[in-house]
Amino acid sequence: MIREPLIFEISAPGKRAFLLPKLDVPEKKANLAGLPLREDIEGFPQVSEIEVVRHFTRLSQANFCIDTTFYPLGSCTMKYNPKVNEKVAQLEKFLFSHPQAPQDLVQGNLEILKSMEDFLCEITGLEAFTLQPSAGAQGELVGMMLIHAYLKDRGHPREVVLIPDSAHGTNPSSAHVCGYRVQEIKSNERGTIDLAGLSRQMTEDVAALMITNPNTLGVFEFDILKIAEIVHGQGGLLYMDGANMNALVGKFKPGDMGVDVIHLNLHKTFSTPHGGGGPGAGPVGVKKQLAPYLPIPVVEKGPSGYVFNHDRPKSIGRVRSFYANFLVIIKALAYILSLGAEGLKEIAEIAVLNSNYLRKSLETVYHLKYSAPTLHECVFSDKFQKEHGVQNIDIAKRLIDYGLHPPTMSFPLIVPGALMVEPTETESKRDLDLFIEAMKKIALEAVKTPEVVKSAPHASLVRRLDETSAARNPVLRWEGDKG
Amino acid sequence: MSYISLSHEDKQKMLAAVGISSLEELFCCIPDEIRLKRNLNLPPPLAEPELVHYFEEIGKKNDDSSYLSFLGAGAYRHFIPYVVDYLSSRGEFISPYTPYQPEVSQGTLQVIFEYQTLICQLTEMETANASLYEGASAAAEAVLMAHRLRGKPKILLAKTLHPQYKSVIQTYVQNLSVEIEEVNYSKSGEVDLDDLTGKIDGEMSAVVCQSPNFMGIVENLDRIAELARKHQALFIVVVAEAASLGILKAPGACGADIVAGEGQSFGLPLSFGGPYLGFMACKKDFIRQFPGRIAGETKDAEGKRGFVLTLSTREQHIRREKATSNICTNQAWCALRATIFLETLGREGMRELAHQNIQKANYALENLARIKGVKRRFGGPIFNEFVLEIDAGWPKAEDFLRKNGILGGLSLEPFFPELKNCALLCVTEMHKKDDIDKLVRLLGEVLR
C-alpha cells in the first residue's frame, strides 16, 4: 500500500470540493464593517472532492477495526457493534432535533433518556441515574463530585479517596481533579483488596473507596460485602468503576452488594462503537440518598409529559452543555432492547466462557501471575519470554503480523510485563483459536528466533514507530506552510 | 437478538476445555448469596424490524425538526456535505479502538494530526489537542489549565459566556480554591472594558471571554488581551460557534493564550445536544499543562513517516493522580467528521460559509428591527446571532410564530433576568431568503 500524504501536501490554489448556493440576500459591505476580519486561513487545504474521498478511504484502510479484526484488549471490551443501532441513531427525528427546542416538541428524546435511566437502574440495582457524562472518566469525576457534595452536606466532605494499586489511571486522576487526595491500597496475593489493610486505611478522613469489580485482573472481589461493611462502618461510600460490567450483566447487581455510586461505559458493555477513541458515554448511577446531588437537568415524568427539571438546589450543577451524548445513548438503548434480559445475561456468560477458554489454552505458555479464578479477562505476562530477551511489547507487535490486534499492555501495574486479554462474548471459537495459535507460535519464536519477534511488526503499513523521539522532539502539526 | 458467535458444539467443547460442565460454574467466584437468581426485569427482546419500528415511533414524538427554526445558542444548523456522512460511516473509522497501537492505527492517527493542524490554522494557535468532550467542559478544562499554570485564586468570566459553559466551569472548580467573578456587558453587548479594568488585578489566573459571545456579538479581543496581559492573567478565548473562525480574526492573532470551544458546526448534526466536539488549542509554552490526547509525527524503524499518540506523560494512564486531566476517551470520531468537513469546505468554502452567515443574519436583523415594537437590543457587530427586544412581550410573539410553524428563538430572561422580553435568534446559511422574509412577515403581523 502507498503511504497517504497529508492533505496539506496535495493542496493547491483553485481546487475545491464544495460549493454553497449563491447568496440570496443583498450583500452589504456594511455588514462586515466593525468586525475584526482575517485575511485568509493560512495553510488551509484546497482539494477536489475525489481527493477528499480517496484520502479518507485510504486512511481508513490503514486502520485495524472491530469490523475486520479481533481486539483482545483487556478492560476495553471491544465487542461487535450492531449495525442496526447505527441506523436507528441516524433517524432524522433525532439527528435534526435541536437541544434548545421547546420540551413539548422533543418528548420522544426525553422518553428515550428516561427509559435508558430506568433500564440502567434495573441492570445495576442502583436507584437513580444521570446520562450526562460523556465518557467513563467524566463519569468517575461526576461520581466523586456527588460523593463530595453528599458528605459535605452531612458535615464534612473528607479528604482522602482509597484506590487499589490495580486500578485504571483515570480513577486516581478523577479523584484528584475533584480535589481529593489519593491513597493507594496494596493488593494481596490473590490480586484483590486486602481486608486487614483496608480496615487500617479506612479512617474517618476517607470519603470513598473506588473499586473496579471484577478488578483489572478479571478477579471478582469475593469479599465485597465485607469491603462495603468496612467502608460504610467509617461513614465512607463505595464507588464502583463499571468498566468491567461485561462480566456481570444479568448475573449480579452492584447495588445489591453495597455499591453507592457506579459509572458504566456504554461504549464497552453496551456495544456503542469506540470510533477510534470516542464518543463514549459514562452514565452514573447512585443510591437514593445521593440522587438529590445528580447533575442538572434531571428528566422527570410529569402530569403532562416528560420535563427537564433544573430546580435541584442540592445538585452539583451542570457537567456538560445540553443533556448527554444523545446518539450514543440511543445506540445503547437499542442494544438493551434487542437483547432483553436473556440476551444480556448471555453477554456475561459467554464473555466469561471465552475468556476462560483463552486462559486455559494459554496459561502453560504464558505466565499468569495471579492464579485466582477470573471472569471476563485475564492478565498474562512476558516472564517466560523475557528469559529470551522478548518483552510484552514485542509479543504485542508480533501479533500484528498474524493479523491480530495486540492485547492491552503493561497494565495493570501490579503485573510486570502485563498482557491483558479480554475476548468479549461476540468472538467465535474459530477466531479465539486463531489467537491462541498465534500466541503459541510467538512463544515458540521467542525461543527460536527472538529477533523476529523483537523487530516486529514486519507485515504492517509502517514498522515499529519511534515513540521516544516523538515525545522528545514533538511535531504536533503540519508546518509546511511555515516554509 | 443475540450477537454471540458460538455454536452449541463450540460451547460444549469450550466448557470441556475449561474443565467444567455448566456456564454457571464460571461464576462460582461470586458469593452465592449475591448472585442474581432471576432474570432482569426488562421488556422482551425486539427483533430488528421491531427495533427500527420502536425508534421510528418514538421519533414521531419529536416534532421540532419540522419547524422553521431560528434556534442557535450553542447548537448550530449548518450544511453537512454528503461526503462527511459517507466517509465517516466506514467501519474502519467507526469501530477501531483508541490508537494506542500506532502500527495498526495510522488512519486514525493521521486524521488526528491533520485535525490538530486545522484547529491550529483556524485559531492561529501553536498547538491543538486531539479533542475534548464538548464546548462547555473544554472551557472548564481551559480554566483548570490556567489555574495550574498561574496558581492564582481568581478567574474572571465574561457575563456573556454561554450560561451552560459558565455553569460547567462552576461545577468543575467548586471543590478547588478558585473564586469566580463576572464581568458585565456594555450597552453594545460587548465585554464592558471599564468593568473589566475595575475588576482585574494581580490575583487572576485567567480572563475568560467568548466571541462571538452568547448575545451574538463579536468581541474586540485585542483590548481584553491587553488588559489580561498587563495583569499577568492568561487570556482564554471561548468559541461556541466555530464557523465564525472562517472569517473573523483568529483568537491567536488577538493575543489568546488558550482557545477552547465547540466544534459542532464542523459537520456534526444537532443530535439533541450530542455527541459534539470540544476543541482546544494553546501556546507551545504551555504544552506540559495541556489536557487530553495529542498525536505527533515520528519515524518508523525504516525511517518512514508515521504518527503516534505522544506527550503521554501528561496523561492519566501514566501519571495517574498527577495527570493534567482525567480525560481518557474523547470524541475522536467527531473530530474525524470535523476533519472531513473542514478539508471538504477548504480555504474558500470556510470563508464563504462564514460570509453567508454574516450577510443573512444581518439581513434578518435589519428587516426584523424595522418592525414597530421590535428593537435590536445590542449595537455591537454580529456573526450569525442577535438579540431582539419585543415591546409587546416575547412570549406572545413566540406563541404566534410557533402556531405558524416557526421556532422564533430562545427566550433570554431565564438566563439574564434583566433581558425581559428579549430573544436570541440565529440565522445561518441554511436559511433561505424566503424563510427570513416569512419570519419578518409573521412577526410584523402579530405585533401589528
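How many residues does the contact take from chain B and from chain A? In this predicted model, the contact takes 171 residues from chain A and 155 residues from chain B. On the side of chain B that touches chain A, the most is given by helix H11 (residues 332–369) of chain B, with 21 residues. By class, this side of chain B comprises 75 nonpolar, 50 polar and 30 charged residues.

Helix H11 of chain B also lies across strands E11 and E12 of chain B, and runs at about 135° to E11(B). These two strands belong to an open sheet of four strands in chain B, ordered E11-E12-E15-E14, with antiparallel pairing. The edges of the sheet are formed by strand E11 (374–376) and strand E14 (410–411) of chain B, each of which pairs on one side only. Strand E11(B) is joined by three bridges to strand E12 (residues 385–390) of chain B, and the two run antiparallel. Val374(B) has Ile390(B), in E12(B), as its bridge partner.

In chain A, the axes of helix H5 (residues 136–153) and helix H6 (residues 170–177) come within 8 Å and cross at roughly 45°. H5(A) is therefore oblique to H6(A), and the crossing in which H5(A) passes H6(A) is right-handed. From H5(A), the contact is made by Gly136(A), Ala137(A), Glu140(A), Leu141(A) and Met144(A). H6(A) contributes Thr170(A), Asn171(A), Ser174(A), Ala175(A) and Val177(A) to this contact. By class, five nonpolar, four polar and one charged residues make up the contact of H5(A) with H6(A).

How values were computed
Residues numbered from 1 in each chain as written. Chains lettered and ligands numbered in written order. Predicted model: local features only at pLDDT ≥ 70, side-chain atom pairs only at ≥ 80, totals over all residues. Contact = placed C-beta atoms within 7 Å. Nonpolar A, V, L, I, M, F, W, Y, C, P; charged D, E, K, R; others polar. Pairing = 2+ DSSP bridges. Axes fitted to C-alpha atoms, helices over the stretch in contact; angles between N-to-C directions. Parallel < 35°, antiparallel > 145°, perpendicular 65-115°, else oblique. Left-handed = near helix turned anticlockwise from the far one by under 90°.
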